Amino acid sequence: MDQVFSGSELGAEATPAEYVPTVVIGGGQAGLVIGYHLQRAGEQFVILEANQRVGNSWRQRWDSLRLFSFPRYANLPGWRMRQAGFPTKNEMADYLEAYAEHFALPVRTGVRSERLARHGDGFVLTTSSGEIYADRVVIATGGYLDPYVPTFAAELDPDIRQLHSVQYRNPSQFADGEVLIVGAGNSGAEIALDAVRSGHRTWLAGRHPGQVPIRIESRQAKYVVPLIMFMFRRVLTLNTPIGRKARGPALEHGNPLVRTKVEDLDAAGVSRVPRIAGIQEGKPVTTEGQTLDPRTVVWCTGFRPDYGWIELPIVGADGHPVHNRGVSPEAGLFFMGLEFQFSFASATIQGLDQDARYLMRWLRNSPAKPHTDAAPSDASNLDVVRITGTR
């Protein structure tokens, strides 16, 4: 017997086993954008979000975080953000939550995806709320989910407090004394400023990743930023020689500093040192042999891909999924929000709509089966559920 639910009626409830033609895993900005386009196309789908609220991946970041973009570049398709200046992390989170509600996207919060495997020509997805059978799956969790810390971190003196950047909220977490920030990218630079401005002697260790040559708050930025955004979306792509050349460094070393500049770090009193090579007698040592004596270490060393829960041959030798602009060789499987999925902007808010439109052309060409045929024959108690994303 078919049942028809609206997105608001579904809530976080899931039956023990059900059929949904298309499942989107991840209810962040990438999942919401592909959901917007699926809904416009009249597709039947559901979006699964592990957090209890849409936007919580932003709410859980450090308190002083603001976006690098004005709202016009942080808007998702179809509905504009209301902020005037650079959005804070909470303003961005609230916008994502309101966006899902505005379009009544069928988001189920508090549902964690635990295992994805083949079932016939489709998929079976095991979640914290039961099993879902689907013809198509879009993985919109982003490419980096597993916080990375060097193995030698275990050799640090146990009296030294250690945090990964994903755990950092504000300077109250620092122990009294010196702070070492390991990793000199955007998160490391911003957390280093937090530390030094709260009265801690602060070291920032790591290779300088370069920096955007303008102040994003300046008048000049109003004219330059549109050009940069165009470059990121249309020029630095897999279709151009310069884009293909830029992809490797982007995946391996991250992005240049945007808001914080080297001169800001120097002016604030942050001591910049080479990368940390290891631990001696419980203390971190740089590649130049300098021994540091911090009381807190914050590992801004990024994340690693985590696809171990997917029981399909989707990962290449580099640990990243094999795909062509988000289209997996595994029929019916797609990705959204990957680093340099097509362009330098792909993993940012500015690049999502472009990638989603491309994926929709593939999704339309691989239609879901009629639900009477798609239901697994060995699941006699399966609830076949038709999902709509409309009110």
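Strands here are DSSP runs of E with at least two residues, helices are DSSP runs of H or I with at least four residues, and both are numbered from the N terminus. With that in place, I can say that Glu 18 sits in strand E2, which covers residues 17–19. What we are looking at is a predicted model, in which local features need pLDDT of at least 70 and side-chain atom pairs count only at pLDDT 80 or more, while totals for chains, interfaces and linings use all residues. Residues are numbered from 1 along each chain as its sequence is written, and side-chain values use heavy atoms, with hydrogens and water left out.

Let me start with the whole protein, which has eleven helices and 20 strands. Of its 391 residues, 52% are buried, where buried means under 20% relative accessible area, exposed means over 50%, and partly exposed lies in between, for a 1.4 Å probe and protein chains only. Taking contacts, meaning heavy atoms within 4.5 Å, at a separation of 6 or more, 67% join residues 24 or more positions apart.

Back to Glu 18: is this residue buried or exposed? Glu 18 has a relative accessible area of 1%, so it counts as buried. Its side chain makes a polar contact with the side chain of Arg 108, at 2.7 Å; such a contact is a pair of N or O atoms within 3.5 Å, and within protein one must be able to donate a hydrogen and the other to accept it, with residues adjacent in sequence counting only if both atoms are side-chain atoms.

Now to helix H2, residues 29–40, which packs with helix H5, residues 89–102, at an angle of about 20° and with the axes 11 Å apart. The axes are lines fitted to C-alpha atoms, for helices over the stretch in contact, and angles run from 0 to 180 degrees between N-to-C directions. H2 and H5 are therefore roughly parallel, since that word covers angles under 35 degrees, whereas over 145 is roughly antiparallel, 65 to 115 roughly perpendicular, and the rest oblique. On the H2 side, the contact is made by Gln 29, Leu 32 and Tyr 36, and on the H5 side by Leu 96, Tyr 99 and Ala 100.

H2 also meets helix H10, residues 349–365, where the axes come within 9 Å and cross at roughly 45°, so this pair is oblique. The residues in contact include Val 33 and Ile 34 of H2, and Leu 352 and Met 360 of H10.
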